[in-house]
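This report goes through one protein model, from a single residue out to the whole chain. Please keep the sequence and the structure in view while reading.

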Amino acid sequence: MPREQGRKVVASNRKARHDYAILDTYEAGMALTGTEVKSLRAGRASLTDAFGQETDGEIFLHHLHIPEYTQGTWTNHEPRRTRKLLLHRDEIRKIQGKLRDEGITLVPLQVYFENGYAKVELALARGKKSYDKRQDLATRDAQREITRALGRRSKGIS
């Protein structure tokens, strides 16, 4: 059977980009059971409240919700179990060093399949204050208005 090609996004954490300032991103594989993979292939997952944590030189993903596979039997998985992330040793060391800084968190941004393998995109992030969030929204709105005005101007509409 030929392997899937390309990238298929299963779940995305859109709120993370609003709540956190993204400093650095990493791609990691996940150690999953069979029913978890089948449930992910069905497009069912939730990144709400999920976070990464370093324990004994390894990185684990906590609170990622993958619902039980509907056709699963007694071998079904626990929906919110802690999952080990597969990273290179050098990447783990870099992440450990940065997590020691005050206010840095490991946040999952996306869960997806790439060439048939389940992957998660992780971000080292610092939490935003409410005034930072307001400033980002104002900047985005201003940029949108500028592009609209330029579009109208190029069409000859004043």
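Leaving aside its neighbours within four places in sequence, which residues is Arg80 in contact with?

## Arg80 and its surroundings

The model is predicted. In it, Arg80 is in contact with Thr48, His63, Leu64 and His65, once neighbours within four places in sequence are set aside. Arg80 belongs to the loop that runs between strand E4 (58-62) and strand E5 (83-86).

His63, one of these contacts, is 17 residues from Arg80 in sequence, yet the two C-alpha atoms are 5.2 Å apart in space. The backbone oxygen of His63 is reached by the side chain of Arg80 at 2.8 Å. Arg80 counts as partly exposed because its relative accessibility is 39%, which falls between the 20% limit for buried and the 50% limit for exposed.

## Nonpolar cores

The largest nonpolar core has 24 residues, and the members that touch the most others are Met30, Leu40, Leu85, Val111 and Val120. At least two residues of this core come from each of strand E1 (7-12), strand E2 (20-30), E4, helix H3 (89-99), strand E6 (104-114) and strand E7 (117-127).

What does Met30 contact beyond its neighbours within four places in sequence? The list consists of Leu40, Leu61, Leu64, Lys84, Leu85, Leu86, Val111, Ala118, Lys119 and Val120. Leu64 is also in contact with Arg80.

## Helix H4

Helix H4 covers residues 130-155, 26 residues in total. From its first C-alpha to its last, H4 reaches 38 Å, close to the 38 Å expected at 1.5 Å a residue. Gly156 follows H4 and has a positive phi, near 90°.

## The chain as a whole

The protein chain contains four helices and seven strands, and their order along the sequence is β-α-β-α-β-β-β-α-β-β-α. The chain is more spread out than a compact globule, because its radius of gyration is 19 Å, well over the 15 Å that the globule rule gives for 158 residues. Along the principal axes, the C-alpha atoms fill a box of roughly 65 × 40 × 25 Å.

Of the 158 residues in the chain, 30% are buried. The accessible surface is about 10,300 Å², and carbon and sulfur atoms account for 48% of that area. Where contacts join residues at least 6 apart in sequence, 69% of them are between residues at least 24 apart.

Terms used. Residues numbered from 1 in each chain as written. Predicted model: local features only at pLDDT ≥ 70, side-chain atom pairs only at ≥ 80, totals over all residues. Heavy atoms only, no water. Expected span 1.5 Å × (residues − 1). Buried < 20%, exposed > 50% of the residue type's maximum accessible area, 1.4 Å probe, protein only. Contact = heavy atoms within 4.5 Å. Polar contact = N/O pair within 3.5 Å; in protein donor to acceptor, adjacent residues only side chain to side chain. Rg over C-alpha atoms; globule rule 2.2 N^0.38 Å. Areas by Shrake-Rupley, 256 points an atom, 1.4 Å probe, with all protein chains shown as cover. Core = buried A, V, L, I, M, F, W, Y, C linked by side-chain atoms within 4.5 Å.
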